[in-house]
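Let's take a friendly walk through the inside of a protein model. Keep the sequence and the picture side by side as you read.

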Amino acid sequence: ICFKNVSFHYQKQDKYLEVISDLNFKIKKGERIGIVGKSGSGKSTIANLIMSIFEPNSGEILVNNKNLYSDDNKEILYEWRKLISHVPQDPYLLDKSIAENIAFGIPLDQIDLNKVKIAAKQAYISDFIETLPKKYFTKVGDNGLRVSGGQKQRIAIARAIFKNSKFILFDEATSALDNSTEENILSIIYGLNKEVTVVLLAHRLSTLRECSRIIEINGYSDFQISETQEFFKKIKK
């Protein structure tokens with residue numbers, strides 16, 4: 001993934017509010033990248049640009065050297081979106097079974113349960129599911145009312161694994177969890193297949209210690225990219 005001189009602004013009535021200006025960085029396949037910055041600095045805007053929810057006002061976003069917004073090949077954008085999963089701080093769960101939430105969007109009678117079980121095992125949620133009377137057919141309640149925050153996160157990660165996502169973006173995905181649960185979730189995130197590219201947006205810097213590089217956003221065109229060890233040495237000073 002390559003950002004080349006990317007700028008983005010919001011339109012507010014008859015005025016433009018520029019959030020990102022001339023942003024340049026590359027993310028290699030299989031990397032674990034952290035993105036940090038204060039509220040309002042542009043972290044979420046960058047996440048939305050990466051996931052192609054927002055289109056840049058200028059500059060290019062390339063995936064495998066192909067421009068996502070090329071007029072010559074509209075399929076690139078759709079193919080990229082198929083490869084992406086997003087795990088937010090509070091993942092949305094359907095008031096349906098665990099299996100249906102992992103195999104999101106697939107009718108129950110068409111779900112490959114074996115594939116669901118493999119994804120659940122990789123997300124370290126299978127042991128919990130097997131203790132339930134109805135196991136994978138247990139309903140989670142309205143937006144996961146019957147499961148804990150950590151269990152919701154694991155189900156959301158299992159969903160991304162089931163989808164065979166090549167790129168997963170975690171947006172403050174552990175900030176609402178206690179330290180023990182957070183450590184467990186982080187071990188899952190960093191232990192994902194090395195073919196999967198991971199980006200983590202975080203306020204809590206401790207969650208980023210296993211990243212290969214960190215992008216520090218201070219707003220507008222003020223950003224720095226550091227090796228993780230260099231970043232933590234700098235903030236200690």
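Thr45 sits in helix H1, residues 43–50 (helices, H or I with at least four residues, and strands, E with at least two, are DSSP runs numbered from the N terminus). Thr45 counts as buried because its relative accessibility is 5% (buried means under 20% relative accessible area, exposed over 50%, partly exposed in between, with a 1.4 Å probe and protein chains only). Leaving out residues up to four places away in sequence, Thr45 touches Phe8, Tyr10, Val19, Ile20 and Phe54 (contact means heavy atoms within 4.5 Å).

A word on the model: it is predicted, so local features need pLDDT of at least 70 and side-chain atom pairs count only at pLDDT 80 or more, while totals for chains, interfaces and linings use all residues. Residues are numbered from 1 along each chain as its sequence is written, and side-chain values use heavy atoms, without hydrogens and water.

Now for the nonpolar cores (sets of buried Ala, Val, Leu, Ile, Met, Phe, Trp, Tyr and Cys residues joined through side-chain atoms within 4.5 Å).

| Core | Residues | Some members |
|---|---|---|
| Largest | 44 residues | Ile102, Val116, Ile157 |
| Another, apart from it | 30 residues | Ile20, Leu23, Tyr69 |

Leu200 is among the residues with the most contacts inside the largest core. Beyond its neighbours within four places in sequence, its contacts include Ile33, Phe170, Leu186 and Ile189.

Which residues of H7 are buried? They are Thr181, Glu182, Ile185, Leu186, Ile188, Ile189 and Tyr190. These buried residues pack against strand S3 (32–36), H4, H6, S7 and S8.
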